Protein chains: 2
Amino acid sequence: MYARDVPKLWTETIDAHRAAVRDAALDAMAALVAEQGLVSLTMSQIAEKAGVGRATLYKYFPDAQAVLTAWHERQITAHLDRLTAAADPAEPAFVRLQAALQTFAQIQHHSARHHGGELATLLHRGEHVDRAQQRLREFVRKLIAEAAEDGDLRHDVPADELAGYCLHALTAAGTLGSPDAVHRLVAVTLAGLNAPAPLDRGGAAHD
Amino acid sequence: MYARDVPKLWTETIDAHRAAVRDAALDAMAALVAEQGLVSLTMSQIAEKAGVGRATLYKYFPDAQAVLTAWHERQITAHLDRLTAAADPAEPAFVRLQAALQTFAQIQHHSARHHGGELATLLHRGEHVDRAQQRLREFVRKLIAEAAEDGDLRHDVPADELAGYCLHALTAAGTLGSPDAVHRLVAVTLAGLNAPAPLDRGGAAHD
């Protein structure tokens, strides 16, 4: 019995060690980017900051871009957990959407302060769509589609486009100075999801 | 007379040469970023791609980050010229705002395809606010303030916050697949600027 357990413990130790090295590399990269920006970020710098050898780092990541992508995935996965937790499943989709977008805006507001804007911007661009990014957009898209079916928001624009609009608009939270301003941004963003009035205001006033 | 003209011509030639080196460096940087991303971008790579010596490049820019910032300024200045040209001064502020935001969204849509998403994201973040960026936001802020005074959009949120909302929301155009989708994004973004209805829809339906 003990003998049988040894390989399992050994594997767990190796896995824990690997996860620790990986996390150290990602933390190091985030710290370096906050200090100097993304430009000229090198594997040597990341290894030094993470306290691991350069050869070790290369066993985990082929290049600095791969470290960035892995950091990005870790961030979005953490954010998704928070967004999911913010939405009470007993509430209607529109209320869950409000809660999720408010949480997302708060994350943007705080992470722009802690990681610098440069990294945060990379979270929500088409060119960098990866699995985590897709999951985030899909999470918001589903809430929007459900709320539209409830008649609580506009039907004239595909839910996926509205999800992209929300996630981009709310990154503006990173430039805002106060929690009140973040709250106003969420209200303005949600207003964009409202069904348009029968007469378009701008057209009616000026055509 | 000829003798007097020589120094002026000479100066103009040097200025033209300097502008050409500068432009070559910025073009090289944009091409490199489109190929490999921002990460690990070095002065040596930029110099090689621009066809100038490394020592020459260092006479113009202290580091790769400075090349990025200069590129960014050049881009936004060009964009501002297009936004200003898009707005017919005879039209009311709201109509000029519509035209400017439509143009901005189109620029985002095209530049995401040509330069890759990574660079475009750097155009609109708080950490990278420079003079060009401030001018862009100020241009939109003024149109919004004027349109709000005309009674054509909401008064309950400061114009500067609404300008930030618009510019961020419209960067979603970089992820969109068609001109129609870009048009819908502009309509959704403008809807966020509408005065809220007397009764909040979400609240009324679910509270």
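**Entry 1: surface and conventions**

I began with the surface of chain A, which exposes about 9,900 Å², 54% of it supplied by carbon and sulfur atoms. Accessible areas come from the Shrake-Rupley method with a 1.4 Å probe, and for residues only the protein chains shown count as cover.

I note that this is a predicted model, in which local features need pLDDT of at least 70 and side-chain atom pairs count only at pLDDT 80 or more, while totals for chains, interfaces and linings use all residues. Residues are numbered from 1 along each chain as its sequence is written, chains are lettered from A and ligands numbered from 1 in the order in which they are written, and side-chain values use heavy atoms, with hydrogens and water left out.

**Entry 2: chain A overall**

I counted 10 helices and 0 strands in chain A; helices (H or I, at least four residues) and strands (E, at least two) are DSSP runs, numbered from the N terminus.

**Entry 3: aromatic pairs**

The ring centres of A:Y165 and B:Y165 are 6.4 Å apart and the planes stand at 85°, so the pair is edge-to-face. The criterion is that rings of Phe, Tyr and Trp (its six-membered ring) pair if their centres lie within 6.5 Å, with planes under 30 degrees apart stacked, over 60 edge-to-face and the rest tilted. Because A:Y165 lies in helix α8 (residues 159-170) of chain A and B:Y165 in helix α8 (residues 159-170) of chain B, the pair joins two chains. I found both A:Y165 and B:Y165 buried.

**Entry 4: α4 and α7 of chain A**

I then examined helix α4 (residues 64-86) and helix α7 (residues 131-149) of chain A, whose axes come within 8 Å and cross at roughly 20°. That makes α4(A) roughly parallel to α7(A), a term for angles under 35 degrees. Residues of α4(A) including A:H72, A:I76 and A:L80 meet a set in α7(A) including A:R135, A:L136 and A:F139.

**Entry 5: B:A148**

I placed B:A148 in helix α7 (residues 131-149) of chain B. B:A148 is buried, with a relative accessible area of 10%. Beyond its neighbours within four places in sequence, B:A148 is in contact with B:L153, B:R154 and B:H155.

Conventions:
Buried means under 20% relative accessible area, exposed over 50%, partly exposed in between (1.4 Å probe, protein chains only). Axes are lines fitted to C-alpha atoms, for helices over the stretch in contact, and angles run from 0 to 180 degrees between N-to-C directions. Angles under 35 degrees count as roughly parallel, over 145 as roughly antiparallel, 65 to 115 as roughly perpendicular and the rest as oblique. Contact means heavy atoms within 4.5 Å.
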